[in-house]
Amino acid sequence: MKNLTKIVPLMLICILILAACSSSKPKTSSSSNSNGYEKTTIRLAYNLPQDHHISKGIEQFAKEVTEKSGGAVKVQVYPAGQLLSDKDMNQSILTGGVEMGVNSSTLWASTVPAMGIFDVPYIFKDYGTAGEALSGEFGDKLRKAMEDKGAKVLMFADYGYAQFANNKRPLKSPSDFKGLKIRSIGDIPSEMIKAYGASPVFMGAGEVYMGLQRNTVDGATSGTTAMVQRKYDEVTKYLTINNYAYLEFILAVNKEYWGNLPEKTQQLISETAAETEKWIRSQAEKEDESTAKELEEKGMEVYVVPKEDLPKWKEAAKPAWDSFSKNAGKLGEELLDLVDKN
């Protein structure tokens, strides 16, 4: 009996402990304040200035995912190169060093050569053509090629058209480039610059202002949005609007990480990314127009290449097309064929 009187209280204590443990299990998908989402933190890095329209879209995307999930799916943003440089971004995404990142299609072309399609001169005649292509088979082929390498594309973020600025003379025809040193943004634009008779020079975006100021380069190619943000009007005099390349930035996520996310979280992220992609696309043309006007108001001499002259510019850039076809192989040819059909 003495032993029994000792055992009974112990059993009661054990029962109470077990009851307490079962009632304190962490709440995940059933948690009311998480809207049914499992808690996770996703790091997202990008390099563009925070006032760029793509940056604004990405910041809104992160905010909406976090809010819609009741704070359970937290997208932690590292802007303007705080976490990774554009040169390190892709490798970090592919190895899982960062879960998500935004980088240019030009830089992704070193991993997926077909991504160089956006640098092929004069391939997209207007903003609508680019959007239609990305929403169809053309975009699907690029998404698959990226997944084959280990990254899932969540959105194509339209940067806008690339132009030329320089401090030597107006560039009214390809022959006007002869002898100039032009900062390039990739291999294919470099082929075009060489075909026009100029010398391409590679340098980081943050180095261009000083390069122009010190005459290390005579000019540079970039979007007018970046030209405004990086104050090209202070170090260049002439702007040529020829809309030669429709630049894209890509929000990508590590494929393995994506596959391990709950389906509900995947759906939230995908839907929010699709909404953001549409908003960014709607801003690209507006931003191109407003920033070109702003550069003119700040004193740059602007020359808009007439549409009837563009075939001459395109023909002179043929070596850049040949370079893309050689590097991108069968997929590159398929993409060129799809664009020709539009």
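Colleague: Let's say that rings of Phe, Tyr and Trp (its six-membered ring) pair if their centres lie within 6.5 Å. Which residues do ring pairs link into a cluster?

Modeller: Bearing in mind that this is a predicted model, the cluster that the ring pairs build consists of Phe118, Phe124, Tyr127, Phe138, Phe156, Tyr161 and Tyr246.

Colleague: And how many aromatic pairs are there in the whole structure?

Modeller: The search finds 14 aromatic pairs. One of them is Phe164 with Tyr244, a stacked pair with 5.1 Å from centre to centre and 20° between the planes. Phe164 belongs to strand 4 and Tyr244 to strand 8, so this pair ties together parts that are 80 residues apart in sequence.

Colleague: Are those two buried or exposed?

Modeller: Phe164 is buried, with a relative accessible area of 0%, and Tyr244 is buried as well, at 1%. Another pair, Phe177 with Trp313, is edge-to-face, with the centres 6.0 Å apart and 80° between the planes. Phe177 sits in the loop between strand 4 and strand 5 (181-184), whereas Trp313 is in helix 12 (residues 310-316), so here the pair ties together parts 136 residues apart in sequence. Phe177 counts as buried at 0% relative accessibility, and Trp313 likewise counts as buried at 0%.

Colleague: What about a charge over a ring, which residues are involved?

Modeller: The charged end of Lys264 sits over the ring of Tyr37, at 4.7 Å from the ring centre.

Colleague: Switching to the nonpolar core, how many residues does the largest one have, and which have the most contacts inside it?

Modeller: The largest nonpolar core has 87 residues, and those with the most contacts inside it are Met115, Ile117, Phe124 and Phe138. Strand 4 (residues 151-166) supplies the largest share of this core, 10 residues. Apart from it lies another core, of 15 residues, which includes Ala220, Val228, Tyr232 and Met300.

Colleague: What does Met115 touch?

Modeller: Leaving out residues up to four places away in sequence, Met115 touches Ser105, Trp108, Ala109, Leu142, Met146, Phe156 and Ile250. Phe156 is also a member of the aromatic cluster.

Colleague: Now strand 3: why is it called largely enclosed?

Modeller: Five of the five residues of strand 3 are buried, so the rest of the structure largely encloses the strand. Met100, Val102 and Ser104 point one way from it, while Gly101 and Asn103 point the other way.

Colleague: Which strands pair with strand 3, and in what sense?

Modeller: Strand 1 runs parallel to strand 3 and is joined to it by two bridges, with Leu44 standing opposite Met100. Strand 8 pairs with strand 3 in the antiparallel sense over five bridges, and there Leu251 is the bridge partner of Val102.

Colleague: And helix 3, which residues are buried there, and what covers them?

Modeller: Met89, Asn90, Ser92 and Ile93 are buried in helix 3, and what covers the buried residues of that helix includes strand 1, strand 3, helix 4 (105-108), strand 4 and strand 8 (238-254). The helix is followed by Gly96, which has a positive phi, near 85°.

Colleague: On to charges: how many salt bridges does the structure hold?

Modeller: It holds 12 salt bridges. One of them joins Arg43 and Glu99, with the closest N and O atoms 2.8 Å apart. This pair links distant parts of the chain, 56 residues apart, as Arg43 is in strand 1 (residues 40-45) and Glu99 in the loop between helix 3 (86-95) and strand 3 (100-104).

Colleague: Why does Glu99 count as buried, and what about Arg43?

Modeller: Glu99 counts as buried because its relative accessibility is 11%, and the cut-off for buried is under 20%. Arg43, at 27%, counts as partly exposed.

Colleague: Which salt bridges lie within a helix?

Modeller: Among them is Lys68 with Glu64, at 3.6 Å from N to O; both lie in helix 2 (residues 53-68), four residues apart, about one turn of the helix. Lys68 is partly exposed at 35%, and Glu64 is partly exposed at 22%. Another is Asp140 with Arg143, at 3.0 Å from N to O, and these two are three residues apart in helix 6 (residues 137-149), about one helical turn.

How values were computed. Residues are numbered from 1 along each chain as its sequence is written. This is a predicted model: local features need pLDDT of at least 70, side-chain atom pairs count only at pLDDT 80 or more; totals for chains, interfaces and linings use all residues. Side-chain values use heavy atoms; hydrogens and water are left out. A salt bridge is a side-chain nitrogen of Lys or Arg within 4 Å of a carboxyl oxygen of Asp or Glu. Buried means under 20% relative accessible area, exposed over 50%, partly exposed in between (1.4 Å probe, protein chains only). A nonpolar core is a set of buried Ala, Val, Leu, Ile, Met, Phe, Trp, Tyr and Cys residues joined through side-chain atoms within 4.5 Å. Contact means heavy atoms within 4.5 Å. Two strands pair if DSSP finds at least two bridges between them. Rings of Phe, Tyr and Trp (its six-membered ring) pair if their centres lie within 6.5 Å; planes under 30 degrees apart count as stacked, over 60 as edge-to-face and the rest as tilted. A charge sits over a ring if NZ of Lys or CZ of Arg is within 6 Å of the ring centre and within 35 degrees of the ring normal.
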